[in-house]
Each structure stands twice: as C-alpha cells, then as structure tokens.
Amino acid sequence: MSESNVKTVETAETATPETAASVSGPLDIGQIQAILPHRYPFLLIDRVLEIHRMKKIVALKNVTINEPFFQGHFPSFPIMPGVLIVEAMAQAGGTLLLTEIEDRHDKLMVFTGIEKARFRRPVVPGDQVRIEVEVLAWRRTAVRMGGKAFVNGKVVCEATISCQLVDRSRGKGSPQNAAPADTAE
C-alpha cells in the first residue's frame, strides 16, 4: 500500500506536544505494539491508516489461513469468528484511546459492554478487513465507541463497544495470576 493512501489528521487546537508526537503519522505493527499490550496470536490489527485524535481511527486486519482459530472454526469452511472481529474493533479503538493516556503502560483498556453487534457477511482467509471506530462518548476512564468492519467496501460487522481504563496492577498478586491458567495436562 502506498503512503499516499494513508492519512493522519491532527488539528492545531487539539494537538499537544506529548500526544502529537505519539500520533505523528500512520502506525505500523511495531508502533501498534508499543501502544497495545496484545501480542500474537491475539493482536488483531496490522496497520493504522487514519487517526483523528479523540474521534476516529481506521485500521486494517489482514486475514490469512495461518490464523490459529481457523484450525477449529471451521476446518472445511474457515470463517473468522465474529467475536474476534469485535475484538479487532476494540483493539483499534484502544489504540486511538491509549495514545491520549500519558501513563498508558500502567493501564489496560477492558471491555465493559458490547451492544447491537450484527454480523452481515463471513470473513474468510484472504480478506482484508477495514475497521472504522468512532468515539461516541469519552470520559477520562470510560469510553463508548461505534465500530464497523468492512471487506471490499461491504459491512461485515458492526457493534457498539464500551470500555473502561483500569490499572494493570489491579490483578497482580491474585491467586489466578500466580501461575498460567492452562497448566492442566
């Protein structure tokens, strides 16, 4: 994809030295990983095309047959699970929101609600999902966003997502975090 297809929108009224530097252009996978805590196989956005500070983000997810979920969903007819499309929307929104948080490395953005989720078409290997997320309401620690996912210009999923900012240290020291959850043989 050429750089001419990529756009970042900043306004002079809303730009600050701290946040303008962190969102100075399109984001590649390394820059996304510097913002989000997610990693393979659960990082579900590959590139950010547009950022409108505190308003909107446009991101891409390239879907390949190598995705681990295709082994079981479904082996003879691979379809990306709808809940993962919604998760990709949330990750795109989280990327937008966390760029505004100074101490983002000490915070997590977690789901608090999913409303009006609709799945219109299947997403299959080879598709490129364009994810557009708009902020509906923004408070210091809670956000409500409207998201849509498109393949070839057609809506494949839409949902309203609510998230809350929590301290990463909140769960540390609890028995569940003492050992990996999947230690059973």
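How many disulfides does the count come to in this protein? The count comes to zero disulfides, a disulfide being a pair of cysteine sulfur atoms within 2.5 Å. The legends below walk through the model view by view.

This is a predicted model, in which local features need pLDDT of at least 70 and side-chain atom pairs count only at pLDDT 80 or more, while totals for chains, interfaces and linings use all residues. Residues are numbered from 1 along each chain as its sequence is written, and side-chain values use heavy atoms, with hydrogens and water left out.

**View 1. The whole chain and its elements.** The protein has three helices and six strands, and from the N terminus they follow the order α-α-β-β-α-β-β-β-β. Helices (H or I, at least four residues) and strands (E, at least two) are DSSP runs, numbered from the N terminus. Of the 185 residues, 39% count as buried; buried means under 20% relative accessible area, exposed over 50%, and partly exposed in between (1.4 Å probe, protein chains only). Among contacts between residues at least 6 apart in sequence, 64% join residues at least 24 apart, where contact means heavy atoms within 4.5 Å.

**View 2. The largest nonpolar core.** This core holds 42 residues, and those with the most contacts inside it are Ile45, Met80, Met89, Val123 and Ile131. A nonpolar core is a set of buried Ala, Val, Leu, Ile, Met, Phe, Trp, Tyr and Cys residues joined through side-chain atoms within 4.5 Å. Two or more residues come from each of H2, E1, E2, H3, strand E4 (128–138), E5 and E6, and H3 gives the most, with 10 residues. In soluble globular proteins, nonpolar side chains tend to be buried together.

View 3. Two cis peptide bonds. A cis peptide bond joins Tyr40 and Pro41, with omega about 5°. Pro41 sits in the loop between helix H2 (29–35) and strand E1 (47–52). Another cis peptide bond joins His73 and Phe74, with omega about -10°. Phe74 belongs to the loop between strand E2 (56–62) and helix H3 (82–98).

View 4. Lys116, in strand E3 (residues 107–119), has a positive phi of about 50° although it is not a glycine. Lys116 is exposed, with a relative accessible area of 58%. Asn152 is another residue other than glycine with a positive phi, near 50°. Asn152 is found in the loop between strand E5 (142–151) and strand E6 (154–167), and counts as exposed at 74% relative accessibility.

**View 5. Cys157 and Cys163.** Cys157 is buried, with a relative accessible area of 0%. Cys163 also counts as buried, at 3% relative accessibility.

**View 6. Confidence and the chain ends.** The mean pLDDT of the protein is 83, and 78% of its residues reach 70 or more; pLDDT is the predictor's confidence in each residue, from 0 to 100. Over residues 1–24 the pLDDT is below 50, and this stretch has 36 contacts in the model beyond near neighbours in sequence. Over residues 177–185 pLDDT stays under 50 too, and the model has two contacts for them beyond four places in sequence. Where pLDDT is low, the predicted coordinates should not be read in detail.
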